[in-house]
Amino acid sequence: MQILKARFALRATASQFQAWSSAKTRTAATDSKIVEYKPIRSVLVANRGEIAIRVFRACTELGIRSVAIYSEQDKLQMHRQKADESYIVGKGLPPVEAYLSIPEIIRVAKENDVDAVHPGYGLLSERADFAQAIINAGLRFIGPSPKVVQQMGDKVAARKAAIEAKVPIVPGTDGPVTTKEEAVEFCKSHGLPVILKAAYGGGGRGMRVVRKMEEVPSAFERASSEALGAFGNGSMFIERFIERPRHIEVQLLGDKAGNVVHLYERDCSVQRRHQKVVEIAPAPKLDPKIRQKMVECATHLARHVGYENAGTVEFLLDDKGNFYFIEVNARLQVEHTITEEVTGIDLVQSQIRIAEGMTLPELGLTQDKIQAQGYAIQCRVTTEDPANNFQPSTGRIEVFRSGEGMGIRLDSASTYAGAVISPYYDSLLVKVISHAHDLPSSAAKMNRALREFRIRGVKTNIPFLLNVLENQKFLNGSVDTYFIDENPQLFMFKASQNRAQKILNYLGYVLVNGPATPLATKIPPSDVKPYIPQVPLVRFGSAVQPPKGYKQILDEGGPEAFAKAVRQHKGLLLMDTTFRDAHQSLLATRVRTHDLLAVSPYVAHNFNNLYSLENWGGATFDVALRFLHECPWERLHDMRQLIPNIPFQMLLRGANAVGYTNYPDNVVFKFCDMAVQAGMDIFRVFDSLNYLPNLVLGMEAAAKAGGVVEAAISYTGDVSDPSKTKYDLKYYTKLADDLVKAGTHVLAIKDMAGLLKPQAAKLLIGAIRAAHPHVPLHVHTHDTSGAGVAAMLACAEAGADVVDVAVDSVSGLTSQPSMGALVASLQGTPLDTKIPLQKVSEYSAYWEQARTLYGPFECTATMKSGNADVYLNEIPGGQYTNLQFQAFSLGLGSQFEEVKKAYREANLLLGDIIKVTPSSKVVGDLAQFMVQNKLTAADINARAEELSFPKSVVEYLQGAIGIPYGGFPEPLRSKVLKDMPRIEGRPGKELPSLNFDKLKGELKESFPDINDEDVMSAAMYPQVASDFFRFRDKYGPVKHLDTKTFLVGPAVGDTIEVKIERGKTLDIRTVAVSEDMTAAGEREVFFELNGQLRSVFIRDENASKEMKIHPKAVKGDKNQVGAPMPGTVLTIKVKEGDKVEKGQPIAVLSAMKMEMIVQAPKAGTVKTVSITNGQKLEGDDLICTIE
């Protein structure tokens, strides 16, 4: 200890010798009274956080030993580390009470040879009994005398002193008010509005404005309760409320000799809930005459009461230039920093020197020497969520990066990655101070600095502060205390994307819990990085654009001109299904946008003469949301940007759009319109039963949207087999006539099972071509049998204009025929596609490698070759592999041959129907039901009345997807349905229109950042979309991850690059996963992000099952009420079984000295209550459920 004292003695020598020299030369002429000078060797700061650090820094510069105190909850806080010594205080006491324990603070000071105590601001800083106890203990109090603290801390006594000093005041109570009855009586006598203030504290705590008499009692009770919690005394002071004032405060310094100077004023008018948010020094646009009068009143009042040390006199200034005394803050203010910046005077050092006994003249602080230079602004960055009514945000700071540079000062404490923001204390995180020669320049520096901040893990008010700084009224200095309330645009925020941290959370989740999307096989994704064939980017100094294609013909002439150009084309045109149906058939629709976009430029530059690129709709829409966790609309936008020259084609399920159910007509029409706006061109419209009313609705919707209508006839049976009479040539030509009459631009044959044999192709295409010579014909098939290439060649020779192919490496089996095979077969013939075979080969090479990334979904895990038995079972190609995977997952893998036979029987039981989504699902569900339950067709017919059929089968028989050709099977339908309702006619016809505005409003309650495309996704798939929105909010744009990393996560030690946008790439290295779990069942996962260490905490879903962890409210579930902020449960207002109305109080929480009433979000009955009084909650912890 002696060595430690010697070190501080040496450090203090120069500074204290200078102070002693100044004090020694005192004369009677310079001082009004003799003041003893006694150096301070050590200072204890009876406070925490940034103000404690501010004082420690001043002590260090003066060569004074600094001592910190900290509560048990603050043992990891930075302020205890910044002091020379630190000691725990109030062990066993609650968090705030620890810092309010006067005996404990004095004990620490006495035990550790402390000379003086600095109170900081808040806590005990305005408690006269604390100041007196310090002095009684033989220590020095760095602040005013206890008498002045008492007088100025008592707002009534302060008013009396102001009256005696002839300082203008606002009418108010003569003394502290302790009951609501007294408050009501004052309001009746003096009128409204009034403002309630804590009599023994400030900072906006316990402050309420009351404008209605009936609100006085409740407002008084809440304000008094808040004041009691913050200051230990619930007494209130009441005064008339001045409308539209500016809040101006004058900074003072006084010494023990009676000298008082002002350091000019600060404008603190930018306030919310009576708490200062942004402060400016000096006050802009303040009349110099008013300024002079104001500072004279302030200094006169200080001399009148014998004020010493630092303090602030606060005034309200009305629009007529009248100002009124509010109060004296007998302490250092939070915003003292901006006064320091404009005057160059260190207020904290001045406080300490004055406490030592130095006078203001000795410190060089005479009024004539004090000048204000330029403008300074202070912004209080708090851990509050401005988008959620500024609710406190607590938790661990995952990322912290500050804004710095010329003209910026930061005063902070817990500002580092890993710091934990607790609910026990004030939400102030860091004070940012800017200084420049004028207000706009200072605001510009502040704006720049705040934009440099990156704070993740907790919410902050930075978005709100930026809005304030960019407001023209603020920049003009024309603000009053109504500024925030009257500018609602301040609360319009652009949400922080926080993409990097969200992606780390996703990677951490996969590392801890395994894949976030179910994997179908045990085949792992390969380590390959597919080679992307190069395209020319720049030529002669300018960007190379892809050559023009049919997209330009469509854009310039419309659908009719497009159809005419297709029909006039001499060779065979191709549609490439690689981007959709090919991977739907082979890889369970799991190919991600990441891999599609990688090869898109190559396709645009080398396949411009394609008829179209099928890339959207059908199963890709819901799989993108459900399993790939990416937005299908974004996929469409991104592909259109990279492929501007090839028409895009989608699969539209008629009246079912891209869903599996019926939608109101306005939904289908709006969907098509939005699809065209997003980049879609051609709509292949089909119905799973060829039900004409459903088909026509989809056609009308696509046409109205401006798209190319390609009406599709779903093909089944065999027109070349005379024994198959249901779906004969006459059936198809009649349907073709109806679709042409309905206005289709292109006519398609959709052979979804690959049943169209070459001979049948010649008959069917030949007949339709003869009947409709001017309509383009487009044929789609699957190569399940292996005869696909032959069938498509036959179609071409019979008059088809377009056929569907997939690039070689994703062709065959249940996919489409090989592009390369068709191209090679037609080279040198009148039907030559004019596509270079070498380009097909390069394109195929990319997908040959990319396909290996999708091993977990590879159809060849169960299907090793094509199979001609498709002509018997008629299973669609897109369903074949999915059905096989389903059979394996249900334990029927070894019985797949039985499933295929049952599929044929199920089809016949249901009436030999057209089979394509969703009708194919009906047949598949019935087939698996039959195999699982060992039922034959005869069993189904015999036991139909007693069996519990799959839901899809029942709904089909009810007519939910339309009416099959030839009608429903009887008596099976009647046996299954019994007295269940039946749908007659088009299923969606009677559905009421969907109110999109209402749906958007409901979604925004849970997902504020959704757009109109998200709303449409929710209209299509309500639950799937909500789950996706939750995932996106939590994990961000995972579409930017490479596919292997997305599926199975990185290995420890791996480094990946993630390009999140043009010019922004994340370099992520996985460092470690902790073996130990936290009390909340979480594991810490460590990464290096762009070279900086970051970590995330991830709940171990398996290991934590054994732990008792409070449940969370599910975002978007309106039956569940979650904690709006972390805090302590003060009161529970309901119990299980209670009936509640919307808005009725459920519970009261307290955090960061703020109380919040949790209200019922809806009317209903309380089913469960998950909290207890006194329980500490985290944000979103479940409070109760209401049904």
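1. Let's start with a pair of side chains: E221 and K180 meet in a salt bridge, with N and O 3.1 Å apart. By salt bridge I mean a side-chain nitrogen of Lys or Arg within 4 Å of a carboxyl oxygen of Asp or Glu. E221 lies in helix α10 (residues 216-231) and K180 in helix α9 (residues 180-190), so the pair ties together parts that are 41 residues apart in sequence. Helices (H or I, at least four residues) and strands (E, at least two) are DSSP runs, numbered from the N terminus. Both partners are partly exposed, E221 with a relative accessible area of 44% and K180 with 32%. The cut-offs here are under 20% relative accessible area for buried, over 50% for exposed, and partly exposed in between (1.4 Å probe, protein chains only).

2. Please keep in mind that this is a predicted model, in which local features need pLDDT of at least 70, side-chain atom pairs count only at pLDDT 80 or more, and totals for chains, interfaces and linings use all residues. Residues are numbered from 1 along each chain as its sequence is written, and side-chain values use heavy atoms, with hydrogens and water left out.

3. How many salt bridges are there in the whole structure? The search finds 69. One of them joins K276 and E314 at 3.3 Å, N to O. K276 belongs to strand β11 (residues 275-281) and E314 to strand β12 (residues 309-317), so this pair ties together parts that are 38 residues apart in sequence. Both K276 and E314 are buried. They also take part in a network of salt bridges that links E249, R266, K276, E279, E314, E335 and R380.

4. A further salt bridge pairs K1112 with D1181, whose closest N and O atoms are 2.9 Å apart. Here the partners sit in loops: K1112 between β36 (1092-1099) and β37 (1120-1122), D1181 between β43 (1176-1177) and β44 (1182-1186), 69 residues apart. K1112 is partly exposed at 41% relative accessible area, whereas D1181 is buried at 5%.

5. Next, have a look at helix α29 (residues 837-851). Which residues of α29 are buried? They are V840, Y843, S844, Y846, W847, A850 and R851. These cover an arc of only 155° around the axis, which puts them on the same side of α29; the arc is that of the directions from the helix axis to the C-beta atoms. On the other side, Q838 and E848 are exposed. The buried residues pack against β25 (573-576), α19 (581-586), α20 (593-606) and α28 (819-826), where contact means heavy atoms within 4.5 Å.

6. Finally, the annotation: an unreviewed UniProt entry places the feature "binding site" at D581, K750, H780 and H782. UniProt positions are given in the numbering used here, feature names are shortened, and annotations may be inferred rather than shown by experiment. The four positions span 202 residues in sequence, yet no two of their C-alpha atoms are more than 12.2 Å apart, so they gather at one spot.

7. Two of these positions deserve a visit. K750 lies in strand β30 (residues 746-750) and is buried, with a relative accessible area of 5%. Its contacts beyond four places in sequence include F686, Y715 and H780. H780 is found in strand β31 (residues 777-780) and is buried at 1%. Among the residues that H780 touches are D581, R684, K750 and D804.
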